[in-house]
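Work through the exercises below with the sequence and the model open. Try each task before reading its solution.

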Amino acid sequence: SHYQHQFLTMGVHIVGLQETRRQQGVHSSKSFYAYSSGTDDRGSGAVELRLCKDLPYGKRDNEDLHFRDSHLRVLHQDHRRLLVKLTAPGLCCSILVAHALDHSYPEPLRREWWTATEALLDRWRPQLVLMDANARVGDIDSDQIGTLGYAQTQDSNGDFLHLMATHFELTAVNTICHDDTGWTWRHNRSGKTSRIDYIPCCKEW
């Protein structure tokens, strides 16, 4: 597909997608392994992790290292969360792909989702999170969330994101980069842009 060609051209090894509406399971293509969390009862939602087959993620003894299907184990999956353990030569980490509730949902429901997500991560501490957080941050600086990039006023989902990142000592890398064009979403009709997607990763990285 067009976007898979883009991933390869950009040299992307690991991809998180949301609202794919794919059934639970592995849906591999020529260049990527694709792991879907599955949809809800209405056939909506689903998040997905993709690992590139073609691009080497490293070298060992002058030989290229490539991801294999056997490197991944699913720890948890629902239509808004996919948590996996990646165990490959020279690389061992837990990865969460997630899609948070947006602000059309009442605050108590959104809080419940974030609380459940943190409880899940308390069992399997992640090194990498690929998240559509439906959150805006950028005016409150910390070791976890910076004020660079497409900075915005922190909203309630931003509060939840900031708390989660602090609790697990994750740094949202797209908040510490000098890129004012770093919006991640654009409204189809109005053209309004926003940054609602984030890549928190462990500070050791």
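**Exercise 1.** Find which residues Gln-4 touches, not counting residues up to four places away in sequence, and decide whether Gln-4 is buried or exposed.

*Solution.* 
Step 1. Locate the residue: Gln-4 lies in helix 1, residues 2-10. Helices (H or I, at least four residues) and strands (E, at least two) are DSSP runs, numbered from the N terminus.
Step 2. List the contacts, that is, heavy atoms within 4.5 Å. Gln-4 touches Ser-29, Phe-32 and Arg-50.
Step 3. Look for a polar contact (a pair of N or O atoms within 3.5 Å; within protein, one must be able to donate a hydrogen and the other to accept it, and residues adjacent in sequence count only if both atoms are side-chain atoms). The side chains of Gln-4 and Arg-50 make one of 2.7 Å.
Step 4. Apply the accessibility classes: buried is under 20% relative accessible area, exposed over 50%, partly exposed in between (1.4 Å probe, protein chains only). Gln-4 has 12% relative accessibility, so it counts as buried.

The model is predicted: local features need pLDDT of at least 70, side-chain atom pairs count only at pLDDT 80 or more, and totals for chains, interfaces and linings use all residues. Residues are numbered from 1 along each chain as its sequence is written, and side-chain values use heavy atoms, with hydrogens and water left out.

**Exercise 2.** Describe how strand 8 (residues 81-88) is paired and covered.

*Solution.* 
Step 1. Two strands pair if DSSP finds at least two bridges between them.
Step 2. Strand 7 (residues 72-78) is antiparallel to strand 8, with six bridges; Val-74 is opposite Val-84. Two residues separate these strands in a hairpin.
Step 3. Strand 9 (residues 91-99) also runs antiparallel to strand 8, through eight bridges, and Leu-83 has Leu-96 as its bridge partner. This hairpin too has two residues between its strands, and Gly-90 in the turn has a positive phi of about 80°.
Step 4. Of the eight residues in strand 8, six are buried.

**Exercise 3.** Work out how the buried residues of helix 2 (residues 107-123) are arranged, and what they pack against.

*Solution.* 
Step 1. The buried residues are Arg-110, Trp-113, Trp-114, Thr-117, Leu-120 and Leu-121.
Step 2. The buried residues pack against strand 7, strand 8, strand 9, strand 10 (128-132) and helix 3 (156-167).
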